[in-house]
Amino acid sequence: MKNIYLSHHDHRVISKLLEERQHHTNPHSQTTTKLRGELERAILVEDADLPPEVVKLHSRVRLRDLDTGEIDEWTLTLPDEADVERRKLSILAPVGSAIIGFAKGDQIEWETPGGLCHIQIEAVEEVVETPIPGLIL
């Protein structure tokens, strides 16, 4: 299994999100369980040491569906920021939880509600977002 890398910041934010969601949603959903597994296996690095080609929160990511050749571009966000029309994908969406910590060029196989998905990360770009007021990181 390929290593994934997370910044301490993203690990802390996603862990807190999962902890908060545990009381409001099914803590054993497939996506939540897989995301917890990704957090456990991730290699943590200092924020400044995370290579720019690694997908992190607020990265703009171009994905190729290896089964259809279709290309989509999304910005990976927290659930409260997700907006399909603005191409903002929640970390709690199956594909969102699949790509965190992987890098440009990586191929990923991930189970989604529509079946097994095979994607390749074509490009990663950091997007600077303004913080949400009141969000404690």
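How many bridges pair β3 with strand β4 (residues 71–77), and in which sense, parallel or antiparallel? The two strands pair over five bridges, in the antiparallel sense. Strands pair here if DSSP finds at least two bridges between them. Strands themselves are DSSP runs of E with at least two residues, helices are runs of H or I with at least four, and both are numbered from the N terminus.

This is a predicted model: local features need pLDDT of at least 70, side-chain atom pairs count only at pLDDT 80 or more, and totals for chains, interfaces and linings use all residues. Residues are numbered from 1 along each chain as its sequence is written, and side-chain values use heavy atoms, with hydrogens and water left out.

Stay with β3 and β4. Val61 has Trp74 in β4 as its bridge partner. The two strands form a hairpin with five residues between them. In that hairpin, Gly69 takes a positive phi near 85°.

Now step back to the sheet. Five strands form an open sheet in the order β5-β4-β3-β7-β6, with mixed pairing. Its edge strands are β5 (88–90) and β6, each pairing on one side only. From one strand to the next, the twist averages 45°. Axes for such angles are lines fitted to C-alpha atoms, for helices over the stretch in contact, and angles run from 0 to 180 degrees between N-to-C directions.

Next comes β7. Seven bridges join strand β3 (residues 59–65) to strand β7 (residues 115–126), and the two run antiparallel. Here Arg62 stands opposite Ala123 in β7. Strand β6 (residues 107–112) also runs antiparallel to β7, joined by six bridges. Glu111 faces Leu116 in β7, and Thr112 has Gly115 in β7 as its bridge partner. The hairpin of β6 and β7 has two residues between the strands.

Turn to the charged side chains. Side chains of opposite charge can pair when their charged atoms come close. The structure holds nine salt bridges, each a side-chain nitrogen of Lys or Arg within 4 Å of a carboxyl oxygen of Asp or Glu.

What does the salt bridge between Lys2 and Asp106 tie together? The closest N and O atoms of this pair are 3.6 Å apart. Lys2 lies in the segment before β1 (5–7) and Asp106 in the loop between α3 (94–99) and β6, so the bridge ties together parts 104 residues apart in sequence. Lys2 is partly exposed at 43% relative accessibility, while Asp106 is buried at 10%. Buried means under 20% relative accessible area, exposed over 50%, and partly exposed in between (1.4 Å probe, protein chains only).

Lys56 and Glu126 meet in another salt bridge, at 3.5 Å from N to O. Lys56 sits in the loop between β2 (43–45) and β3, and Glu126 in strand β7, so parts 70 residues apart in sequence are tied together. Lys56 is buried, at 18%. Glu126 is exposed, at 52%.

Glu125 and Arg60 form a salt bridge too, at 3.2 Å from N to O. Glu125 belongs to β7 and Arg60 to β3, so this pair ties together parts 65 residues apart in sequence. Salt bridges that share partners join Arg60, Glu73 and Glu125 into one network.

Finally, look at charges over rings. A charge sits over a ring if NZ of Lys or CZ of Arg is within 6 Å of the ring centre and within 35 degrees of the ring normal. Arg87 lies over the face of Trp74, at 3.8 Å from the ring centre. The charged end of Lys34 sits over the ring of Trp110, 5.0 Å from its centre.
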